[in-house]
Amino acid sequence: MSDNEHWYLDHDPKPNLYGWVFKHMAMGAVYAALAFFGIIAVILLIRALSFILPEDPFAALEIGTRVASALA
């Protein structure tokens, strides 16, 4: 067998457990941040939509019938 006891390739840097842990924890933090800001964005969109819509859901129908009767 070979005298090379290293399990990693010679042209790759020597693996480091601290780097591996940091990389995976950082990716977890990025995924958590994306999920958090995604949920906040959905809540803000729903809130913005609630300000655009009228309080009375039938108010738009009444306005439409009034406009139609005024034109006829």
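Which helix holds phenylalanine 36? I found phenylalanine 36 in helix H1, residues 17–52.

Before going on, I noted that this is a predicted model, where local features need pLDDT of at least 70, side-chain atom pairs count only at pLDDT 80 or more, and totals for chains, interfaces and linings use all residues. Residues are numbered from 1 along each chain as its sequence is written, and side-chain values use heavy atoms, with hydrogens and water left out.

**Helices.** I counted two helices and zero strands in the protein chain; these are DSSP runs numbered from the N terminus (helices H or I, at least four residues; strands E, at least two). For H1, 36 residues at 1.5 Å each should span 52 Å, and the end C-alpha atoms agree at 53 Å apart. The expected span is 1.5 Å times one less than the number of residues. I checked helix H2 (residues 59–71) too: its 13 residues should span 18 Å, and its end C-alpha atoms are 19 Å apart, which agrees.

**Cover.** I looked for buried residues (under 20% relative accessible area; exposed is over 50%, partly exposed in between; 1.4 Å probe, protein chains only). They make up 1% of the 72 residues in the protein chain. H2 has zero among its 13 residues.

**Rings.** I got one aromatic pair, counting Phe, Tyr and Trp (six-membered ring) with centres within 6.5 Å; planes under 30 degrees apart are stacked, over 60 edge-to-face, the rest tilted. Phenylalanine 36 and phenylalanine 37 pair edge-to-face, 5.2 Å centre to centre with 70° between the planes. Phenylalanine 37 is exposed, at 55% relative accessible area.
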